[in-house]
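Subject: The structure I promised you

Hi,

Have a look first, then read my notes below.

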Amino acid sequence: MNDNPTSIALHRCRFVDYSPSPITALAFPPLPLPTLRAKKAGKERERDRVQEYGALVVGHANGNIDLLEWTGEDDELQARQGWQLRKTLPGPNPSKVDTLALTIRFPDIFPSSKVPTLSDLRLFSCGGGSELLEWDIARSCVRRTAPSQGGSIWSMAANPGSTTLALGCEDGTVRLLSLVADTLEHLRRFDRVKGRLLCIAWGPPVPRQSKPAAAGKLDASDAESDDDDEDEWSDSWLVAGGSDSSLHKWDVRTGRPVDRMITDKIKGERTLVWSVGTTSLFVERSLDRDGTIVSGDSLGTVKFWDSITSHAADVLCLTIGPEGSTVFTSGVDQKIVQFNYVSGASEVSPSGKWIQSASRRVHSHDVRSLAMWPPHTPTPASYRQKPSPGSPYIAPVLVSGGLDMSITMIPALPAHVTTSNAAARVINPIASSVATTFEDSYYRRIPYRATMCVARTARLALCMYETGLRLWRILDVPDASLIIDGLNSTTDPETRVGWENVLEMELNVHTNLISSALSDDGRWLVASDLYETKLFKLTTTPTGVVKANRIRSFTSLLQEQLAVAGSKEPPSTGGRKFVFTPDSTKMIMASASTSVVVVIDLGSNQPTILRQFEHHQKISSLSGRRVIRGTNRGQKTHASHRRGEHEDTDEMTNSGIPPSILQMAVSPDGQWLASSDEWCRTFIYNLDSVQYHTTIPSLPHPPNAMAFVPDKPQILFSVLPNNAMHVYDVETGEVPSWAHDLNSRIPQQIFSTPDPVLGIAFDPVESPRPIVNGDVTMTENSRESPRSTSALPPTTILWGSSWLCKLKLDWLGQYSKQRKRRKSEAEKQNLPPVSDVRNSTSESRNLRVITHYRAILAMDFLKPRELVLVEQPLVNVLSKLPPAFFKPKYGRT
């Protein structure tokens, strides 16, 4: 193996003025309420809740909603990457998201010991208008809308039982919508109060008391059936904060206000109550208190109805810890403050109080939303499920987001747990540090992403925005013999500009754009929203000007092929994913609505559809949402443990809805196509014969990145969100011998990076160069057959948002053999095992992680040993925002 380092020309591009959308709302799924049925009450309360992590839903100011899922595999309780993006629901254009709410679709039949998955949930959003949106998570579109009947919707909250949704409206009324049996209907309206309702929260639910059956009239079975027909929990009260310097409390049964709490205010100005929450801390401790109300207002005051001034500006959001004994608040001053409840010495008459225990700043601008996992369920302590003795104690995770476009994850273990018997069993879910308390733990950021692609032959870079596209040309690097310092602006390294903006397009769309792609020769450009795909043919004038001409007939062509039988409406032609073959003669499209893979020929005068594949619509090859194939015999069946026990519920809720296709890749020789969907299935197609080829055994997660190896085009390389790597030979239908236990041989430095792999880049294979006598130089690679799996790809570049790694896969095999050989020699000589430190020199030479560039938006090779890297530093993004709130601590400025 040649140990001499190879130099690579790197284009470090910062000309892409991409700015992610600010974060306006965060939400975790609610946990189901414990059952109260007499025959199950005892067992359910003793059973541990499955230690899983719910999905994180993120709302943006541009109307998009991101769905992030936990990256840990199977029973793993830790994942350094935490929650990562699974897919995006495109918002209508124009729109925004101000509030999010998640509810369980069928709470009456959902197991109380399970954590809801995305298929079990209903998602609601509102963006300052008078319409409430319910989203179809499976189809990534708006399912239905409902008018508020009270003007603009300022706040929204679902009751703990997931049966009712409360809206706080412009006219000062609370309107309740029924969610029973997957419906959305107006139920009732509460009495009106002055001012608009800016925030809303439900009080703790009250357990239903069983009615004793009259002697001789009702037997036990009749009484039990009557109990099953009624709701086990009933809502007691509801509180809302308004723009009139007060909070109002309503009785849910009568709909009338029962209490009004007036906040502090400045003379001549109204105090706005921006956030409110309720805890169940006092439900069983005192008869005259049925929960604690917490509010945050525009004066920076957090009230537990004991005033605590903890912020210098508006308190915009708050969230409550899982046990109800901790509260976190934040807002305009970027500071996240923790409050703890300190109990009194007497148990008969508790005289505890809330105190401010810690504060941190992890954002540069306003914090708009906070969320906690696991979420707080405001039920009495006697009804909560308690963990069994000796089981791991998962530290809660606080998630925050705001105008600086970054999501942070902070372990937030209550301080009293560190001195309890459970201290030794505490686990940090994101493995950021040993410390797990809010004050001492390290936080992690979830990076933002952009949709970019690079055309190698044409040397073009394309960036997709919310409703537009921009195209840049990357100029050639002048030869070293032509570089003259200071004499020519085109060759001087100090003054030379290596790029030029060649095209800007603003499209007429129904939703925000969801995908785009550029052919390798720069002749074809495609972009799509959720409902329509637009195909453009690019032409370059002799002066270098790029012009785009839309192919108008392409929409009607897709409508004919994607038409649904029996439907009178025109079919949606939107595409979730696009890829071009290396010779730019074919385009492959993944339909956004039907998950059909369409192969389109671009070689003729007009685009023509060669074939469409519907394998992603079928579920016959699934067992617990995992693919079972003959090639997987002898291995553990990949049955989904997360959905195994309530699999029937998943099939019922997603019946007839195909999964979205998330990734596609084409081999460098144009023969193979791989497509992967959100059910972790990967199908392989032969583009030469335009036929289905095989199905790969499914992986634990949908891959974040897929690519075929250039010199071995039948080898598919996939990387999961937790940075685990999987290799598959699509011709032989099995894993290559050198790829067995690949992840165990890869240095752990790759798996410990907090950012997931976003892309894979292979150095293109150079064609053999002739020598003087006309023969071809015979190297080790050229002697072997290009279809041989014995030779390994020399270099792989993996990249994430804040790092990139150059990894030699052939070194991994030799490194493993050397380590085993040294260990065996040491055992023969009765010597201690050889430490891995002796191999540190080899590891540093063959594996190098570079963190100089961030945030990386795209990276690819333009040609052998020439690399383009597009980055958008966070400083550049923040420079476009308004100045952050700042209040000098001493004196005035």
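This is a predicted model: local features need pLDDT of at least 70, side-chain atom pairs count only at pLDDT 80 or more; totals for chains, interfaces and linings use all residues.

Arg12 counts as partly exposed, at 42% relative accessibility. (Buried means under 20% relative accessible area, exposed means over 50%, and partly exposed is in between, with a 1.4 Å probe and protein chains only.) The side chain of Arg12 meets that of Glu871 in a salt bridge, 2.4 Å from N to O. (A salt bridge here is a side-chain nitrogen of Lys or Arg within 4 Å of a carboxyl oxygen of Asp or Glu.) This pair links distant parts of the chain: Arg12 is in strand E1 (residues 9-13), Glu871 is in strand E60 (residues 866-871), and they are 859 residues apart.

Residues are numbered from 1 along each chain as its sequence is written, and side-chain values use heavy atoms, with hydrogens and water left out.

Now the overall picture. The protein chain has 10 helices and 60 strands. Of its 893 residues, 55% are buried. Take the contacts in the chain with a separation of 6 or more: 61% of them are between residues 24 or more positions apart. (Contact means heavy atoms within 4.5 Å.) The accessible surface of the chain comes to about 40,100 Å², and 49% of that belongs to carbon and sulfur atoms. (Accessible areas come from the Shrake-Rupley method with a 1.4 Å probe; for residues, only the protein chains shown count as cover.)

Back to salt bridges. How many does a search of the whole structure find? The search gives 29. One of them joins the side chains of Arg122 and Glu134, at 2.9 Å from N to O. Arg122 lies in strand E7 (residues 121-126) and Glu134 in strand E8 (residues 131-136), so the pair ties together parts that are 12 residues apart in sequence. Are these two buried or exposed? Arg122 is buried, at 1% relative accessibility, and Glu134 is buried too, with a relative accessible area of 0%. Both also belong to a network of salt bridges that links Arg105, Arg122, Glu134, Arg143, Arg144 and Asp182.

Asp476 and Arg459 form another salt bridge through their side chains, at 2.8 Å from N to O. Asp476 is partly exposed at 49% relative accessibility, while Arg459 is buried at 9%.

Next, a sheet to look for. E6, E7, E8 and E9 form an open sheet in that order, with antiparallel pairing. (Two strands pair if DSSP finds at least two bridges between them.) E6 and strand E9 (141-147) stand at the edges with a single partner strand each, so one side of each is left without a neighbour in the sheet. From one strand to the next, the twist averages 25°. (Axes are lines fitted to C-alpha atoms, for helices over the stretch in contact, and angles run from 0 to 180 degrees between N-to-C directions.) E8 and E9 pair in the antiparallel sense over 6 bridges, and Leu132 stands opposite Ala146 in E9.

Finally, some backbone details. A cis peptide bond joins Asn93 and Pro94, with omega about -5°; Pro94 lies in the loop between strand E5 (83-89) and strand E6 (99-104). Another cis peptide bond joins Trp373 and Pro374, again with omega about -5°. Pro374 is in the loop between strand E28 (367-373) and strand E29 (393-394).

Cys680 has a positive phi, near 70°, and is not a glycine. Cys680 is buried, with a relative accessible area of 8%. Asp741 also has a positive phi, near 55°, but counts as exposed at 60% relative accessibility.

Cheers

Methods. Helices (H or I, at least four residues) and strands (E, at least two) are DSSP runs, numbered from the N terminus.
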